[in-house]
Amino acid sequence: KTAFRDSLELLRQTTPAMWQLQPVVRAILDEFENAAAGEENLLRIVDKFPPPQKHWSPSCTKGVAGMGYTCGLWELFHIITVGLVEYNMMIASNDDTILDEMALSVVHAAETFRGFVENFFGCELCRINFLRGFDACAHDRCSRLDDKIHDDEHWMQLPMWLWETHNAVNARLLHEQADREKRTVTHEEEVASQFPARAECPKCWPESGGWDEEIVYKY
């Protein structure tokens with residue numbers, strides 16, 4: 001129940017105000033105790049806000065049935081992390097004296113992702129792997145996410161941590177598929193599994209190797 005509420009509150013605070021998602025989130029929060037009491041109650045609220053389309057976008061499905069949900073969920077996670085940075089930067093530009101009180105916590109946001117995955121993520125193996133990495137401070141999460149420092153460089157560590165986590169998931173899935181097919185993953189396949197693709201964002205991939213994180217964030 002706590003994980004559900006935290007996820008809704010984070011959605012409300014970090015997604016664009018004009019999104020069609022916002023009225024749905026607010027309606028659930030307005031009737032939270034009722035919504036949290038059972039799935040039928042929750043669906044009764046959600047069904048008042050039918051989505052504008054009934055199919056996942058081609059950019060998520062890539063022609064593969066069943067891919068839309070997980071892709072859409074990851075995209076939403078990424079939007080939330082960038083939304084947190086944008087929200088905090090807006091607060092800072094108006095009055096940096098209230099940052100301690102008003103800034104959204106990068107630590108709490110990361111823990112909210114953990115709570116969502118632990119309680120609601122449909123893929124059991126994915127859930128186990130995510131929780132194992134999170135609790136082990138994978139990708140330097142425990143050092144990078146710091147609520148004591150209020151500036152965009154530190155807030156941006158949240159989306160960059162999630163981006164690295166997602167790319168690690170893509171790499172793991174690629175290798176698991178190759179193991180099932182009893183073959184070795186090629187370097188080209190490993191590069192192709194990473195986001196953003198070199199063709200989509202060539203400046204994200206400097207010639208010196210690695211990533212240009214500032215450009216990746218902007219992308």
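This is a predicted model: local features need pLDDT of at least 70, side-chain atom pairs count only at pLDDT 80 or more; totals for chains, interfaces and linings use all residues.
User: What is the phi of K62, which is not a glycine?
Analyst: Most residues other than glycine have a negative phi. K62 is not a glycine, and yet its phi is positive, at about 50°.

User: Which loop holds K182, and what is the phi of K182?
Analyst: K182 is placed in the loop between α12 (157-180) and α13, where it is exposed, with a relative accessible area of 75%. Although K182 is not a glycine, its phi is positive, at about 55°.

User: Which word describes the orientation of α2 to α4?
Analyst: Two packed helices are described by the angle between their axes and the distance between the axes. Here the axes of helix α2 (residues 21-30) and helix α4 (residues 39-46) come within 9 Å and cross at roughly 140°. That angle makes α2, in its relation to α4, oblique.

User: Which residues make the contact of α2 with α4, and what is the handedness of the crossing?
Analyst: On the side of α2 the contact is made by V24, A27 and I28, and on the side of α4 by L42, I45 and V46. These residues divide into 6 nonpolar, no polar and no charged. The crossing in which α2 passes α4 is right-handed.

User: Is T81 buried or exposed, and which backbone oxygen does its side chain reach?
Analyst: T81 is placed in helix α6 (residues 68-94), and at 1% relative accessibility it counts as buried. The side chain of T81 reaches, at 2.7 Å, the backbone oxygen of H78.

User: Which residues is T81 in contact with, leaving aside its neighbours within four places in sequence?
Analyst: T81 belongs to helix α6, and its relative accessibility of 1% counts as buried. Leaving aside neighbours within four places in sequence, the residues in contact with T81 are F113, L158, P159 and L162.

User: What is the omega of the peptide bond that joins F195 and P196?
Analyst: Most peptide bonds are trans. F195 lies in the loop between α13 (187-192) and α14 (213-218), and P196 is likewise placed in the loop between α13 and α14. The peptide bond joining F195 and P196 is cis, with an omega of about -5°.

User: Which residues is F195 in contact with, leaving aside its neighbours within four places in sequence?
Analyst: F195 is partly exposed, with a relative accessible area of 44%. With neighbours within four places in sequence left aside, F195 is in contact with W163, N167, E200, W211 and Y219.

User: What distance separates the C-alpha atoms of F195 and G209?
Analyst: F195 lies in the loop between α13 and α14, and F195 and G209 are 14 residues apart along the chain. The separation of their C-alpha atoms is 15 Å.

Conventions: Residues are numbered from 1 along each chain as its sequence is written. Side-chain values use heavy atoms; hydrogens and water are left out. Axes are lines fitted to C-alpha atoms, for helices over the stretch in contact, and angles run from 0 to 180 degrees between N-to-C directions. Helices (H or I, at least four residues) and strands (E, at least two) are DSSP runs, numbered from the N terminus. Angles under 35 degrees count as roughly parallel, over 145 as roughly antiparallel, 65 to 115 as roughly perpendicular and the rest as oblique. A crossing is left-handed if the near helix is turned anticlockwise from the far one by less than a right angle, and right-handed if clockwise. Contact means heavy atoms within 4.5 Å. Ala, Val, Leu, Ile, Met, Phe, Trp, Tyr, Cys and Pro count as nonpolar, Asp, Glu, Lys and Arg as charged, and the others, Gly among them, as polar. Buried means under 20% relative accessible area, exposed over 50%, partly exposed in between (1.4 Å probe, protein chains only). A polar contact is a pair of N or O atoms within 3.5 Å; within protein, one must be able to donate a hydrogen and the other to accept it, and residues adjacent in sequence count only if both atoms are side-chain atoms.
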